Amino acid sequence: MTRDEAAGERGSAREEASRPDIDVTVIVPVYNCRPYLDRCLTSLLVQRVSREIVVVDDGSTDGSAELLDLYASYHRGVIRVVHLEHSGGAGRPRNVGLSHARGAYVFFCDADDYLGPEALERMLAMAERNGSDMVLGKIVGHDRRAPVSMFRESAERIALGDSSVYNSLSCFKLFRREMLERHAIRFDETLLVGEDVFFTTHAYCHAGVISVVADYDCYHLVARSDGSSIMQRPGSRDPVSWLRMMKGPIELMVRHVRPGALRDHLLRRHFRMDALSNLGRPFLEAEEGQRKEIAAEVADMCERWLTDGVRDRLSPIDRSRLAALRDIDRLVRLAHIESAVVRRELTGLHWEQEGGLVVSGRVALSALEQKERPELVAGGLALVLRLRDGGAKRPVELVLPVTGDHEGFTGVVDVAGLSSGVWDVYLNVECEGVTRLARLGADRDGRIVQPVPRVIGGVVALPYFTRPHGNLSLDVGGHVVTVPGNARLIRARWALGHRLVLDGEVSVGAASPGTRTVRHLVWRERWSGRERREPVEVEAGGAFAARQALGRLGPGTWDAYLELDLGGPPARFRIEAEAEAIAPPRTWWRGLVRRSVKPYATAGKGRLSTVVRTFTPRSFVRRVFR
């Protein structure tokens with residue numbers, strides 16, 4: 001231990017033991033990260049909370065230590081630097097940082113990563129509102145994979161056993177320091193990889209309240225361009241070493257969590273993400289001898305912790321792997337099927353006469369380039385429509401049968417049976433009991449054109465290809481796709497009571513909407529945004545008629561719209577008009593008030609608008625004495 005470290009630890013036990021005015025201590029382990037330090041430290045200095053930054057230099061030799069001392073000299077009382085002899089991993093520096101921490105909360109940030117400007121402010125506010133022991137802030141990756149499932153929506157309080165927060169075992173979170181100290185939660189200093197898994201697993205076991213900030217990019221996870229970080233080095237996730245290491249955090253978790261649904265939920269994460277995932281692509285890349293070791297380690301984990309509750313929570317492919325643990329050849333084939341490229345092509349897309357959307361295509365499974373690459377034949381096929389809803393825990397899905405086989409299949413989407421919303425189209429492919437789900441449409445025959453919208457049962461259906469990927473989706477109701485429509489004025493005339501009678505035609509796409517879809521004639525004042533709605537009469541074929549008592553409109557310029565209910569958000573079409581169809585201006589008196597109304601077609605696009613003016617004795621006096 002260096003003199004700086006020893007002095008720091010003695011000080012932390014006395015005058016530095018408690019600083020109630022510090023909300024957050026940010027701990028930054030550093031080893032040869034000089035090119036990234038400016039960005040990292042600047043992102044911490046701009047945080048608008050009461051914070052201290054404890055930077056622990058783990059024996060850097062690239063000038064990082066000198067740069068850190070310079071920062072500390074310019075930011076006294078905010079940045080403190082502790083210098084250590086090189087330990088080789090992040091566990092020791094983080095533990096030393098914890099011994100110096102004085103804030104109510106602790107946040108860990110790696111030196112090559114950085115925070116969003118409002119990250120600590122938002123996470124701290126969440127923690128103080130709820131008395132949180134842990135707050136997960138949204139992580140985004142830059143050329144690195146970042147966790148996604150737990151950041152679909154923010155949560156003030158979230159249950160460990162009824163959420164996916166445990167999927168994230170990195171330490172890039174806000175922790176209540178009192179909880180860490182009370183339960184002696186520390187990093188495993190013997191590990192170069194996985195030390196934070198022990199720490200975070202232990203913290204989850206004692207966290208009474210867990211919160212999630214998902215509506216802001218809090219933590220930016222960065223890949224080093226030179227690939228020099230521990231997690232980017234070749235062999236950092238050696239399957240056998242990883243499986244052996246993960247037994248430690250699992251043992252720690254089962255000591256703290258009683259048998260039952262919660263433990264099974266947490267064990268599912270370890271089996272799915274740590275154990276059985278190594279029987280996929282890593283299994284194919286391993287040599288024959290290592291494959292046997294991987295299977296043996298997974299079998300040992302199953303013997304110790306696999307319960308019926310865990311098994312029931314696993315996917316069919318993972319259950320197939322469990323059944324094949326003693327059959328290396330079968331495991332290899334399952335890995336080939338799971339990692340195979342699903343080559344699919346959309347070959348046809350059109351409306352049938354009855355209103356169904358006909359989808360045709362072909363599909364093939366192509367195994368990865370490996371020795372003795374097997375032949376894979378797609379078996380059972382089905383179209384899957386998934387309702388797009390980012391907040392849903394379990395997406396709404398419809399499985400539609402198809403005719404034909406992998407060389408040519410056809411399915412029909414009954415649009416009338418779909419609820420309002422955006423439906424993404426997938427192809428479900430089965431091979432030897434393993435199912436693969438793939439989006440459909442990005443690869444398609446060049447002759448395919450996007451089908452025109454259809455109004456079916458009063459609801460508009462708009463097939464479209466997403467941007468930028470070009471996948472097939474179906475917008476039922478016009479939620480994300482603008483509904484193409486046209487409202488055209490045929491004639492406008494004056495009737496008794498100074499009513500402006502409008503006769504016109506409306507269409508959606510290439511067809512006429514139903515008589516019940518047209519809701520209102522809407523007059524919208526151009527500058528104030530005020531609106532007035534009037535009833536509309538609609539006949540078969542799209543003809544409409546409306547009577548507007550223009551005396552009810554206040555002074556201003558009013559634009560005319562036709563509003564339709566097509567099963568989603570209200571769709572508005574500006575009423576197009578030619579000058580010849582417009583009724584002449586009209587002026588009349590009501591008592592001492594003169595009102596003038598001038599319908600007209602706007603310049604350029606030719607759309608119906610009306611200028612309304614009023615003239616009173618007061619306005620006459622103002623004009624005279626102006």
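Arg362 and Glu345 are joined by a salt bridge whose closest N and O atoms are 2.8 Å apart, where a salt bridge means a side-chain nitrogen of Lys or Arg within 4 Å of a carboxyl oxygen of Asp or Glu. This pair links distant parts of the chain, with Arg362 in strand S12 and Glu345 in strand S11, 17 residues apart; helices (H or I, at least four residues) and strands (E, at least two) are DSSP runs, numbered from the N terminus. The model is a predicted one, in which local features need pLDDT of at least 70 and side-chain atom pairs count only at pLDDT 80 or more, while totals for chains, interfaces and linings use all residues. Residues are numbered from 1 along each chain as its sequence is written, and side-chain values use heavy atoms, with hydrogens and water left out. Arg362 has a relative accessible area of 40% and is partly exposed, and Glu345, at 23% relative accessibility, also counts as partly exposed; the classes are buried for under 20% relative accessible area, exposed for over 50% and partly exposed in between, with a 1.4 Å probe and protein chains only.

Between S11 and strand S12 (residues 357-366) the antiparallel pairing runs over 10 bridges, and two strands pair if DSSP finds at least two bridges between them. Within this arrangement, Val341 stands opposite Ser366 in S12.

How many salt bridges does the rule give? The count comes to 42 salt bridges, and Asp215 with Arg122 is an example in which the closest N and O atoms are 3.9 Å apart. Asp215 lies in the loop between strand S9 (210-213) and strand S10 (219-222), whereas Arg122 lies in helix H5 (residues 119-130), so the pair ties together parts that are 93 residues apart in sequence. Asp215 counts as exposed at 57% relative accessibility, while Arg122, at 31% relative accessibility, counts as partly exposed.

Another salt bridge joins Asp559 to Arg574, with closest N and O atoms 3.1 Å apart. Since Asp559 belongs to strand S28 (residues 556-564) and Arg574 to strand S29 (residues 571-576), the pair ties together parts that are 15 residues apart in sequence. Here both Asp559 and Arg574 are buried. Elsewhere, salt bridges that share partners join Arg244, Lys247, Glu251, Glu293, Glu297, Asp300 and Arg304 into one network. Lys247, a member of that network, lies in helix H8 (residues 239-256) and counts as buried at 12% relative accessibility. A polar contact of 2.5 Å joins the side chains of Lys247 and Glu297; such a contact is a pair of N or O atoms within 3.5 Å, where within protein one must be able to donate a hydrogen and the other to accept it, and residues adjacent in sequence count only if both atoms are side-chain atoms.

Turning to the rings, a search of the whole structure finds 8 aromatic pairs, with rings of Phe, Tyr and Trp (its six-membered ring) pairing if their centres lie within 6.5 Å, and with planes under 30 degrees apart counted as stacked, over 60 as edge-to-face and the rest as tilted. Phe108 and Phe199 have ring centres 5.3 Å apart and planes at 80°, so this pair is edge-to-face. Phe108 lies in strand S4 (residues 105-108) and Phe199 in helix H7 (residues 195-206), so the pair ties together parts that are 91 residues apart in sequence. Phe108 counts as buried at 1% relative accessibility, and Phe199 counts as buried at 0%. Phe199 also forms a stacked pair with Phe187, at 4.0 Å centre to centre and 5° between the planes. Ring pairs link Phe108, Phe175, Phe187 and Phe199 into a cluster.

Rings also meet charged groups: the charged end of Arg291 sits over the ring of Phe283, 5.8 Å from its centre, and that of Arg439 sits over the ring of Tyr426, 5.3 Å from its centre. The criterion is that NZ of Lys or CZ of Arg is within 6 Å of the ring centre and within 35 degrees of the ring normal.
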